[in-house]
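Please have the structure open on your own screens as I go.

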Number of protein chains: 6
Amino acid sequence: MTKLIEYEEATDEVRAVYDDIRATRQTDYINNFWKALANHPPTLQRTWQAIKEVMAGPGELDPLVRELIYIAVSVTNNCNYCISSHSAAARAKGMNDAMFGELMAIIGTANMTNSLANGYKIPVDEQFNQV
Amino acid sequence: MTKLIEYEEATDEVRAVYDDIRATRQTDYINNFWKALANHPPTLQRTWQAIKEVMAGPGELDPLVRELIYIAVSVTNNCNYCISSHSAAARAKGMNDAMFGELMAIIGTANMTNSLANGYKIPVDEQFNQV
Amino acid sequence: MTKLIEYEEATDEVRAVYDDIRATRQTDYINNFWKALANHPPTLQRTWQAIKEVMAGPGELDPLVRELIYIAVSVTNNCNYCISSHSAAARAKGMNDAMFGELMAIIGTANMTNSLANGYKIPVDEQFNQV
Amino acid sequence: MTKLIEYEEATDEVRAVYDDIRATRQTDYINNFWKALANHPPTLQRTWQAIKEVMAGPGELDPLVRELIYIAVSVTNNCNYCISSHSAAARAKGMNDAMFGELMAIIGTANMTNSLANGYKIPVDEQFNQV
Amino acid sequence: MTKLIEYEEATDEVRAVYDDIRATRQTDYINNFWKALANHPPTLQRTWQAIKEVMAGPGELDPLVRELIYIAVSVTNNCNYCISSHSAAARAKGMNDAMFGELMAIIGTANMTNSLANGYKIPVDEQFNQV
Amino acid sequence: MTKLIEYEEATDEVRAVYDDIRATRQTDYINNFWKALANHPPTLQRTWQAIKEVMAGPGELDPLVRELIYIAVSVTNNCNYCISSHSAAARAKGMNDAMFGELMAIIGTANMTNSLANGYKIPVDEQFNQV
């Protein structure tokens, strides 16, 4: 089991990231993901920077839509932590039960058709490659 | 290579599905996926029914958002046909270059953090299980 | 691209495996998989030994059933070479179009329900753990 | 954790599916998978319909063979719930310890050769594409 | 749950493998993986033989490097048992916290770029195919 | 197919990354991966920064070892572009045929044992969790 590094025992380098997580998310809570990554500070910094830009930075995609995409990847990879934490984030951003149900229906259907496309070795339609 | 079954050579059962695809999508074009599935009519029917309900039926998620979720699954599975066809569908529903760039950024980041969460064997925060 | 090693240029060690493949399969044809693995003879030997025992050795599972299971893994992994070669092997052992259609239907459905089970984080029923 | 919806608290729509599961399987037991899917009734209906047709409908593949294929997908995806429930189903349909051992041997070998085929980037033999 | 077969109740065939594991690894401890595989002795023998040759046999790759490669596969597959056992093996062979941190950083980055390469459907540079 | 953005048509922002790639790698060649990512400059910058730090920055792991780990992830994901480009990079850093053969043997074996561990649902040995 990876040691979870608390704020009190963290180096200044790690504390700076924790402080930025708190300020960006407007909550004192630091979830286990970051406490585990703090075992390797460069990975903590780089990963937080990526998440901050991609999930909370400016862009055309709505914050809730970003979380739904994140969940789709996490379910397909069967990453339990990621499904749990991003489902919580999506709920905090407005996902209701009906939306979660629709999301799961799409993910399940996509995984079904993905295997059918691979198994039947279907050639890509010419027009789909022109986009 | 799977034989692609054209409308002219299809059975009535298969033609009925092709007709419904054309009516639902308001285009004469039947893409290779359905022509391949027509080799096993029950799979053609069931899969089209699922896609029609999940991707084009009523619901809280916007049609474009549904396509973005679909692409997220397909990229994670590395299903080339699925990435191609659903990227084309997403573009037809309004996805521009900036949105595709953001989508890929989220998918890439999610795959990165998924492996970090798994590799560090991070325990799920209690509060994420209460959602 | 990996060099494909032909019988004529192979070492005695590699030829011995090729000879055994020919004798076991009762055909002169050595497919590309073995010609590629011949670049690392210990892997060629070990892999052929495993395939021979598992796919052609004595056991309770019918040879055709074994191929269907192999295809299920290969489609789920999206290994194009493996889908191609084992679909050919399954056809040689009696798989007809209807069986291939049913096989794909099961694989697609299983991939769909796998993501639903993971996404909904469904707890295993107690009685399923007693088996 | 997803709420598991019991028969007593279910809507008529959900109860109809539960009743059909009970009648088809000739058991009163509704496993957690269906109780979780009941949170989104359209997904419950569509998924049960697919499973019923694919796993219990008429066809050339034996019911036990269908379960073995299902397990092969589930092990490759590492879906713990799916491995558990379909191993139980396979045992109920006649899978003994030797068969499970052979099944796992094939799945393990296929996952090994799948990575070898991908890693060596082996070109598909022309004759395998003619099937 | 798979029954774990202890030395005392094992057949001579299984005991011979357990004895070889103990001699090769210079420890009395037989880990659960082998005790589970002992339910199907041919799989136990073949798998141990492969692991012994590949992980402990002569070769150009350092034993610790082999473990790092093993962990990379296991994290990408999200195989919890495999991550746990091979992280322990890597630590026994000299992996320190910094090395594990770097390893995870590479695995995470590789999973990110893998999805970007697939999603953007990037054509392989000609010179990379000449290697 | 994604448009590949050449230096001549690139914005200053993209050119700065291309210049840094050239300086870091001491070659004029910009491979297709970066030319594709240039369609979304923030992803280009972030991904190059991560690759530069993780693959070329200071650390305890040898540059060649880092490439072997990268290949292990890419083979397991079946990312053809990634296998191709990182195999070329590994060869440039000293990987010979024997090492590639051993690498593939480990990756194949790990994928085999990963499925065996998942399929048999083997409980993690207590001592492996103390590491």
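This is a predicted model: local features need pLDDT of at least 70, side-chain atom pairs count only at pLDDT 80 or more; totals for chains, interfaces and linings use all residues.

Let me begin with H5(A), where 11 of the 13 residues are buried, so this helix is largely enclosed by the rest of the structure. Helices here are DSSP runs of H or I with at least four residues, strands are runs of E with at least two, and both are numbered from the N terminus.

Residues are numbered from 1 along each chain as its sequence is written, and chains are lettered from A and ligands numbered from 1 in the order in which they are written.

Back to the helix: H5 of chain A covers residues 80–92 and reaches 18 Å from its first C-alpha to its last, close to the 18 Å expected, where the expectation is 1.5 Å times one less than the number of residues. Its buried residues include Asn80(A), Tyr81(A), Cys82(A) and His86(A). What do the buried residues of H5(A) pack against? Within chain A they meet helix H2 (32–37) and helix H4 (63–77), and beyond it they meet H6 of chain B and helix H6 (97–119) of chain C. After the helix comes Gly94(A), whose phi is positive, near 115°.

Turning to chain A as a whole, its secondary structure comes to 6 helices and 0 strands, and 54% of its 131 residues count as buried. The C-alpha trace spans about 55 × 30 × 30 Å along its principal axes. The radius of gyration, taken over C-alpha atoms, is 18 Å, against the value near 14 Å that a compact globule of 131 residues would have, the globule rule being 2.2 Å times the number of residues to the power 0.38. An automatic or database assignment gives domain 1 (1–58) and domain 2 (60–120), with their C-alpha centres 24 Å apart.

Now to the copies, which are superposed by least squares on the C-alpha atoms of residues with pLDDT of at least 70 in both. Chain B can be laid on chain A with an RMSD of 0.0 Å by a turn of 180° and a shift of 0.0 Å along the axis, which is the relation of a two-fold axis. The same surface serves both copies, in that 100% of the contact residues of chain B recur in chain A, a contact being two C-beta atoms, placed from the backbone, within 7 Å. In chain B, Ile69(B) comes closest to this rotation axis, at 2.6 Å (C-alpha).

This contact takes 57 residues from chain B and 57 residues from chain A. On the side of chain B, the largest share, 15 residues, comes from H6(B).

Finally, chain B can be laid on chain F with an RMSD of 0.0 Å by a turn of 120° and a shift of 0.0 Å along the axis, and that is the relation of a three-fold axis. Here only 20% of the interface residues of chain B are also interface residues in chain F, so the copies meet through different surfaces.

Key
A residue is buried if 20 or more other C-beta atoms lie within 10 Å of its own, exposed if 12 or fewer, and partly exposed in between; C-beta atoms are placed from the backbone.
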